[in-house]
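Let's sit down with a new structure and learn how to read it, one feature after another. Questions are welcome along the way.

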Amino acid sequence: MNSAKSTVPFKGTPEQEAELLKVIEEKKNDKGALMPILQKAQEIYGYLPIEVQAIISDNTGIPLEKIYGVVTFYAQFSLYPKGEYTISVCLGTACYVKGSGDIYNKLQEKLGIAGGECTPDGKFSLDACRCIGACGLAPVLTVNEDVYGRLTVDDVEKIIAKYA
Amino acid sequence: MENITVKINGVELEVPKGTTVLEAAHMAGFEIPTLCYMKEINEIGACRICVTEVNEGRGFRLVAGCVYPCSNNMEVLTNSPKVIASRKRTLELILSTHDRKCLSCVRSGNCELQKLAKEYGVEDAGVYDGVKNEYEVDSSAAHMYRDNNKCILCRRCVAVCSKTQGIGVIGANERGFKTYIGSAFDMGLGETSCVSCGQCISVCPVGAIAEKDYIQPVLEAIADPEKVVLVETAPAVRAGLGEAFGLPIGTNVEGKMVAALRRLGFDKVFDTDFAADLTIMEEATEFLDRVKNGGKLPLITSCSPGWIKFCEHYYPDMTENLSSCKSPQQMFGACAKTYYAEKMGIDPKNIVMVSIMPCTAKKFEIGRDDQNAAGVADVDFALTTRELGRMIERAGINFLGLPDEKFDEPLGISTGAAVIFGATGGVMEAALRTAIFTLEGKNVIDIPELRGTEGIKEATYKVAGMDVKVAVVSGLANARKVLDMVKSGEADYQFIEIMACPGGCVNGGGQPQVAMGIRNFVDIRAERAKVLYDIDKAMPVRQSHENPAVKAIYDEFFGEPGSHKAHEILHTSYVKRKVNEI
């Protein structure tokens, strides 16, 4: 079995944990407490790795699997942190017909991660996004605030190298 | 309760308000097929196989019969062309993503999906074939594997794990077409706090989860002339095995089972019941010792390895309450490889100890630490009742035509107190029979208040001027309730029997699967338990301390119950685990 535990080392602080425990304490006896606790936890940590889900499980008595089931059900929750550089590839219609799917695949291959994940060194995370309104430049990707357009698969390596 | 009138396929009947369409149809003599529905445990109306046409005055429409409540003057059609067409399409859709390796599937012949596909004449199972998810088989646990390629997402396993057992190590991950049943962070089941009870296997309608099969190495051991292959059978096996050969639920097949094991080539056919009697001697002694010497109370039984693992994970602060007695399976193996080996002049290394158990957790238990009295594993292979059924079938033994045979001596000698270990309350009843005799010299045999399938029973006995408060618990969600009460001081029991599976071992995770369509209406726990109480009633000796073979083993070998030697061989230790080992 390939575990979905994040390969990015967990860097949670005692302050974050104290904040999360306070949230759990406030909400744990409410009906349907899990969703609000998870939303707060994601606010505190930015994502919901096993370490955070285990804190929630240990302090609410909710089985870890149940928490993981909810986290993987809703797209709003992430198991992976955002990297120092977030690469977003537009898979909107215009970009897609211009080949952004191949660019997205190439990025996954080069970075060694799947969409939604973060590289173990915490440098890059990769996401697919919908139309960013730059169809004239299709296919388009962004790295944090930088926009790259009229791309080919061969541009991928150069872009990564620029930030590495 | 208010009654309402419904008309099912033209048959008019009165049913209590709140009755579902499925239940009303059953009363009228029509069975509605189900795949996800488990009465009171999984009432989610998800699989849509139970769709039924109902008319509540606004014309007929399809509803999920398993959860839809009847209304007054409702008309129901359970077999209309529209119903049949809908069920057939649902089956085709389920089959479109199902790994249809039916030929050699462990469930072939008693698969609920296969049965429906046949009944509904699903000729072209591949009609909706398209993209399929491919899953790796999870074989990380000691007792079972999960092959999600065969999973139909009915969620029965999920419901039984979280609701009946209060554990919840499996659940639905992801969503939509990507949904699959698994554990958190895709950990293998063996990495989680799964207790190995196997209740999930008992309720799976298909072959997506099954016990790990050890028939082949057992056959190889039997074929090896160097090896002395001994077999022991747990009490509950004789109450369940017949179902694998089409006999009614609740048939005693002890004699045929012994005959079949002999014909399979085991050198000696022994009975775990012998070790159950031995357990009583050791556990009753331990109990009295703890009471007299201010030891940790309540004492909690240790026969059920699913319960033991549950305690270690979820109540690690209570492992001192567990009896240090090995389970009967392990005590048996320990005696076979020490006492019996010495008596017969066999090197314990040449003994292959096989157990037949209604249980999957026994497969985990044989690999535990501190279960090797003779320096080798007490038990080498733990097979389930189902595996024994398959072994007999494969060997071409005509089970139903077998004569009734008797267990071999001396380790096949047992009492009525031992055979009831297989039903919830049995261990407590057996222990009290011996404890009351030891303390007061009185023979109290039948203790009816400890019998029956309720999940939590309690009673108080005045023994030797002392109030002994006992509880009997089966099903781990019930165990949670009782343990929480003990921890909070709300309950002050001295002695608790806990069995992981609801109803005890007769309903163990290794027993033959009974289709949910039957289980929803028949209490298999009670039917099978009755077999054991009937055997007990007919036994000439019904108290463990009267077992002549048990007396002999103490005279010849252990000295007395609780002796140093008995502790070395018959007792064990526990570990403290975590719920979330990350």
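**Reading the model together**

Q: How many residues of chain A and chain B are in contact?
A: Keep in mind that this is a predicted model. In it, 18 residues of chain A are in contact with 21 residues of chain B.

Q: Which elements of chain A give two or more residues to that side?
A: They are helix 3 (50-60) and helix 4 (64-73) of chain A. Helix 4 of chain A supplies the largest share, seven residues. By type, the side of chain A that touches chain B has eight nonpolar, five polar and five charged residues.

Q: What does the radius of gyration say about chain B?
A: A compact globule of 582 residues would have a value near 25 Å, and chain B agrees because its own value is 25 Å. Of those 582 residues, 53% count as buried. Chain B contains 19 helices and 17 strands.

Q: How do strands of a sheet pair?
A: Strands pair through backbone hydrogen bonds, either parallel or antiparallel. In chain B, four strands make an open sheet with mixed pairing, in the order 12-17-16-15. Strand 12 (299-300) and strand 15 (456-463) of chain B each have a single partner strand, so one side of each is left without a neighbour in the sheet.

Q: How many bridges join strand 15 to strand 16 of chain B?
A: Eight bridges join these antiparallel strands. In one of the pairings, B:Lys457 has B:Val472 of strand 16 as its bridge partner.

Q: What lies across strand 15, strand 16 and strand 17 of chain B?
A: Helix 15 (residues 476-488) of chain B does, running at about 150° to strand 16 of chain B.

Conventions
Residues numbered from 1 in each chain as written. Chains lettered and ligands numbered in written order. Predicted model: local features only at pLDDT ≥ 70, side-chain atom pairs only at ≥ 80, totals over all residues. Rg over C-alpha atoms; globule rule 2.2 N^0.38 Å. Buried ≥ 20, exposed ≤ 12 C-beta atoms within 10 Å, placed from the backbone. Contact = placed C-beta atoms within 7 Å. Nonpolar A, V, L, I, M, F, W, Y, C, P; charged D, E, K, R; others polar. Pairing = 2+ DSSP bridges. Axes fitted to C-alpha atoms, helices over the stretch in contact; angles between N-to-C directions.
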